[in-house]
Amino acid sequence: MTDSKHEEANEEHNVHVSSSNDVATSTSASALIVSATDKAGMEGIDRTKIDAIILRESGNSNFMKQQRKRDAAVDERIAKMKKRLDDHMQQNGGPQAWEDAERRMQPEIDRLIKKRKRLSTCVVVDMDAFYMSCELLSRPDLNDKPAVVGGGMILTSNYVARKYGVRSAMAGWIADKLVEELSNGKEKLVHVPSNFDLYTKKAHEVRSVLGEYDPKMRAYSLDEAYLDLEPYLSLRLGRGLKHEEVVAALSAAEQSTIDEEEEDEDIEGEKDDGDSKPSAENKDASLDYLSPDAALKATTTIVDEMRQKVFEATGGLTCSAGLANNFMLSKIASDLNKPNGQCIVGPTNKEILNFLRPMKVRKIGGIGRVTEKTLNAFGIKTVQELYDHRTLVQFIFAKQATANFLLQRSVGWSNSDLNSKDEEEESMGQKGISKERTFRAGRTWGEVNSKLEEIAVALSGAMLRKNLFAHTITLKVKLATFDVLSRAKSMARGVYIQSSQEMIPIVSKILSDLKKEHKGAFNVRLLGIRCSNFKEETDSRQKQLDAFLVKKPESIPPAPTAPDTVSFPKRSDVHDEDETNQTREQNLALSPYHQKTVGTSSPPVRRHVSSPRPSKATAAVSLPADEAVCPICSKVIPGDNDNLNRHVDACLNAGTVAKLVGESNKEVDQRPSKKRRVLEDFFA
DNA sequence: ATACATACC
DNA sequence: TACTGGTATGTAT
């Protein structure tokens with residue numbers, strides 16, 4: 001629910017929503033409870049007991065009431081969809097349209113199947129119980145007590161806590177109750193406050209290993225990354241290079257790609273013996289000779305090595321991996337042998353379908369609780385059924401994009417190319433930025449308003465750091481009832497804002513209007529502000545300035561937070577039953593590769609991690625590593641990012657320049673590619 | 001363009 | 001005693 005997704009995202013793939021059996025109409029309270037099926041360690045404690053406690057403790061909370069309300073709304077929508085479908089089929093053209101749709105889909109299906117990547121080189125790496133595992137490195141004593149990371153909301157739990165049904169996304173007080181009751185008061189749940197600096201540091205250790213295998217690796221969160229091993233494989237196997245040589249070659253190739261983009265010139269030279277100058281052309285060709293079987297074996301071994309290196313580089317953190325010929329499949333596979341395991345899905349259509357067909361549709365990334373429920377209501381629970389009822393699906397989901405997405409997934413097709421994703425996302429840039437804050441309901445109106453201002457200042461600071469100017473601002477309010485309201489306001493044409501001074505009057509007005517128009521108590525528990533519709537940046541000179549202003553030289557790419565679950569290094573062999581699901585777990589031996597590529601010019605690894613690149617034609621102008629220039633007052637600010645941020649906030653609060661910025665920004669520039677920009681004037 | 005929902009980690 | 005936060009995108013109007 002709020003998020004069974006948290007669990008699902010982790011290795012608890014046995015998690016289910018208890019309502020899923022009951023097609024279409026469950027609104028019962030139990031429908032809202034998510035619980036774990038018996039994983040190892042659950043013996044002795046009854047799952048129904050866990051469910052009962054959760055229900056008793058939280059069943060009457062405002063939160064749960066809201067959940068039930070939403071659940072009812074979903075049921076209502078499903079009912080409407082059914083009716084619409086019936087009506088459609090009653091019409092004259094109905095049945096005919098059905099057949100037409102069926103016929104139209106077939107070529108698309110064939111096309112997708114033909115398009116599959118030849119080898120299973122797409123890898124999803126997922127850290128095991130990441131936050132908790134990080135903590136356990138320095139707190140081994142917590143291994144035998146029930147412990148979690150997080151207070152009010154649990155981010156991750158250790159193995160002992162999971163025995164009591166404690167899992168991520170659970171409210172802290174419920175978790176406490178579970179442990180207390182189920183241990184008959186003998187145990188008490190330990191809460192470890194989250195320490196994101198630590199997790200970020202560990203994540204970078206992980207990424208520096210993964211980046212050796214694919215410099216284009218994408219980090220989706222602190223604990224999860226996507227890689228394509230094809231270039232690595234073609235050098236290691238096709239060219240017979242050693243790991244270190246491959247790493248050097250990949251990194252050189254990546255570097256030269258970047259330099260090309262940046263219109264720089266030669267870089268190569270002594271990176272490696274002139275031999276290893278790989279790059280795009282030879283990588284596709286060089287694996288052609290490799291049989292799928294041999295490739296599976298080799299890839300499995302290499303990913304095992306890679307995970308071993310992650311273990312070593314992090315001082316003992318384990319991860320799991322999934323391998324397949326696209327990322328949808330790898331993602332599912334990465335979950336199957338958690339913790340500390342991996343799973344490879346063979347590249348043939350037959351293997352893919354055997355792997356996928358029995359899966360619950362919920363396993364598919366992008367299908368959440370609601371979509372699952374909707375599909376279930378139409379008799380679709382597994383991927384097999386999703387495929388069998390593909391025509392029905394076309395009719396249920398009005399939006400073609402959605403129906404198409406489901407069709408693709410039902411035949412096991414998804415993106416397998418990190419680069420294309422790269423371009424898509426990168427060319428589009430960030431779409432919005434927001435800050436929100438939950439607090440205890442029942443504040444005075446004055447307090448609520450000052451919260452709002454705090455949020456505006458924080459958001460403004462973040463926008464300043466990223467040099468973003470927004471055309472639209474949205475206020476989000478969550479009431480004590482958990483009802484969520486939002487109101488957006490767009491500026492006049494060509495007007496963009498960034499400073500908190502500009503935001504505050506707008507959102508304050510929206511807030512008071514909302515309060516007026518809302519019937520019933522207006523007891524606020526959360527406020528959020530979102531800014532979107534950013535001003536386009538098209539001028540490359542401007543971009544250089546932006547890079548100068550915004551980029552602190554080696555600032556680490558910020559990664560969104562992510563929770564996790566279970567822990568437990570049990571490098572055991574695996575539940576590898578069915579023939580399609582080849583789980584290996586093997587050669588623990590190996591890895592003569594311990595030390596790294598010498599001077600390690602591995603910065604390129606980071607480039608692709610998460611933050612939007614300044615983009616082409618922009619060489620980041622460098623500053624001394626521990627200085628930055630305040631874009632407001634132009635002073636050089638020594639110290640780290642925090643220091644800069646503090647200064648910038650102070651500057652903003654001083655209000656002086658903010659006013660200036662605001663003024664000039666209000667000038668109308670009708671064309672998207674207008675050069676004039678405020679800050680440019682400051683620095684030109 | 002706006003409101004609200006869904007999904008993801 | 002009290003169920004997160006940040007971002008993107010879909011759906012409906």
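The model is predicted: local features need pLDDT of at least 70, side-chain atom pairs count only at pLDDT 80 or more, and totals for chains, interfaces and linings use all residues. Residues are numbered from 1 along each chain as its sequence is written, and side-chain values use heavy atoms, leaving out hydrogens and water.

First, the chain as a whole. Chain A has 26 helices and 17 strands, taken as DSSP runs (helices H or I, at least four residues; strands E, at least two) numbered from the N terminus. Of its 684 residues, 52% are buried, meaning under 20% relative accessible area with a 1.4 Å probe, protein chains only.

Now the helix pairs. Helix α13, residues 327–336, and helix α14, residues 349–356, have axes that come within 12 Å and cross at roughly 50°. The two are therefore oblique, the class left after under 35 degrees (roughly parallel), over 145 (roughly antiparallel) and 65 to 115 (roughly perpendicular). On the α13 side, Met328, Leu329, Ile332, Ala333 and Leu336 meet Ile352, Phe355 and Leu356 of α14, where contact means heavy atoms within 4.5 Å. The residues of that contact are eight nonpolar, no polar and no charged.

Helix α4, residues 94–115, packs on helix α18, residues 400–410, at about 50°, with the axes 10 Å apart. This pair is therefore oblique too. Met105, Glu108, Ile109 and Leu112 of α4 make the contact with Asn404, Leu407 and Gln408 of α18. Here the division is four nonpolar, two polar and one charged.

Methods. Chains lettered and ligands numbered in written order. Buried < 20%, exposed > 50% of the residue type's maximum accessible area, 1.4 Å probe, protein only. Axes fitted to C-alpha atoms, helices over the stretch in contact; angles between N-to-C directions. Nonpolar A, V, L, I, M, F, W, Y, C, P; charged D, E, K, R; others polar.
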